[in-house]
Amino acid sequence: MRDVSNRHNGLPQRTPDMLYNVVRKFYRGAVSHYDLIQEKKNEVRTAWERSLTTKDDRELRQALHTLFLEFHFYVTCWLQIELALYRLAKQDAAQAVVLERFRPILERHVAVRAHLDQTEACITTQAVREAGEWTCVQQDAYWFDGISFTVDQESLHCLHQLFEAIQTAKNEQTP
């Protein structure tokens with residue numbers, strides 16, 4: 001996988017059709033993964049509730065590890081969409097507008113992905129930041145280097161809007 005900070009360097013040439021296929025594939029992947037992530041969040045909440053009684057956070061840490069791996073897949077889909085859109089924007093002014101419009105949300109997801117490469121460090125960050133209270137679980141807001149993040153309806157809605165904007169720009173192209 002590409003280093004996130006240097007992700008645009010040396011990208012291979014791809015036809016627009018190939019890039020649109022990449023966008024479609026990873027959009028579908030992220031959308032189809034949403035329900036699994038919600039299940040894993042429920043498992044994390046259950047483990048957290050047990051840890052309140054047992055004062056042992058090992059099960060919680062394991063559940064968070066699994067959840068963060070699922071987050072990683074989801075934001076990797078965002079990264080792949082961003083890479084394809086970046087290349088499309090070089091070829092099409094309408095896609096350049098889409099890229100600029102969605103840049104903040106794309107950058108947010110890509111930045112979180114860079115942190116999730118170090119899953120255990122992310123779990124430790126939650127514990128230290130929360131002084132062992134794990135309120136991040138209760139609030140469904142996890143911290144990645146100053147970024148509060150979760151995979152929720154808002155994130156999924158942004159993904160749908162991004163995909164729709166890419167498709168609209170594609171359909172408005174003049175041959």
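Is phenylalanine 163 buried or exposed? At 16% relative accessibility, phenylalanine 163 counts as buried, because the cut-off for a buried residue is under 20%. The notes below concern a predicted model.

1. The structure holds eight aromatic pairs. In one of them, tyrosine 27 and phenylalanine 163 have ring centres 3.9 Å apart and planes at 5°, so the pair is stacked. This pair joins distant parts of the chain, with tyrosine 27 in helix α1 and phenylalanine 163 in helix α6, 136 residues apart. Tyrosine 27 also counts as buried, at 14% relative accessibility.

2. **Edge-to-face pair between helix and strand.** Phenylalanine 71 and tyrosine 142 form an edge-to-face aromatic pair, 5.9 Å from centre to centre and with 70° between the planes. Here too, distant parts of the chain are linked: phenylalanine 71 belongs to helix α2 and tyrosine 142 to strand β1, 71 residues apart. Both phenylalanine 71 and tyrosine 142 are buried.

3. **Surroundings of phenylalanine 71.** Leaving aside residues up to four places away in sequence, phenylalanine 71 touches Ile37, Leu116, Tyr142, Phe144, Phe149, Thr150 and Val151. Ring pairs connect Phe68, Phe71, Tyr142, Phe144 and Phe149 into a cluster.

4. **Nonpolar core.** The largest nonpolar core comprises 52 residues, and Phe68, Phe71 and Tyr142 have the most contacts inside it. At least two core residues come from each of α1 (16-54), α2 (58-91), α3 (93-116), α4 (119-129), α5 (135-139), β1 (142-144), β2 (147-149) and α6 (153-171). Helix α2 gives the most, with 15 residues. In soluble globular proteins, nonpolar side chains tend to be buried together.

5. **Helix α6.** This helix has 19 residues and spans 27 Å from its first C-alpha to its last, close to the 27 Å expected at 1.5 Å a residue. Its N-terminal end is capped by aspartate 152, which has a side-chain oxygen 3.2 Å from the backbone nitrogen of glutamate 154. Ser155, Leu156, Cys158, Leu159, Leu162, Phe163, Ala165, Ile166, Gln167 and Ala169 are buried in α6. The buried residues of α6 pack against α1, α2 and α3.

6. **Charged groups over rings.** Arginine 129 lies over the face of tryptophan 143, at 3.8 Å from the ring centre. Lysine 170 is placed over the face of tyrosine 20, at 4.8 Å from the ring centre.

Methods: Residues are numbered from 1 along each chain as its sequence is written. This is a predicted model: local features need pLDDT of at least 70, side-chain atom pairs count only at pLDDT 80 or more; totals for chains, interfaces and linings use all residues. Side-chain values use heavy atoms; hydrogens and water are left out. A nonpolar core is a set of buried Ala, Val, Leu, Ile, Met, Phe, Trp, Tyr and Cys residues joined through side-chain atoms within 4.5 Å. Buried means under 20% relative accessible area, exposed over 50%, partly exposed in between (1.4 Å probe, protein chains only). Helices (H or I, at least four residues) and strands (E, at least two) are DSSP runs, numbered from the N terminus. Contact means heavy atoms within 4.5 Å. Rings of Phe, Tyr and Trp (its six-membered ring) pair if their centres lie within 6.5 Å; planes under 30 degrees apart count as stacked, over 60 as edge-to-face and the rest as tilted. A charge sits over a ring if NZ of Lys or CZ of Arg is within 6 Å of the ring centre and within 35 degrees of the ring normal. The expected span of a helix is 1.5 Å times one less than its number of residues. A polar contact is a pair of N or O atoms within 3.5 Å; within protein, one must be able to donate a hydrogen and the other to accept it, and residues adjacent in sequence count only if both atoms are side-chain atoms.
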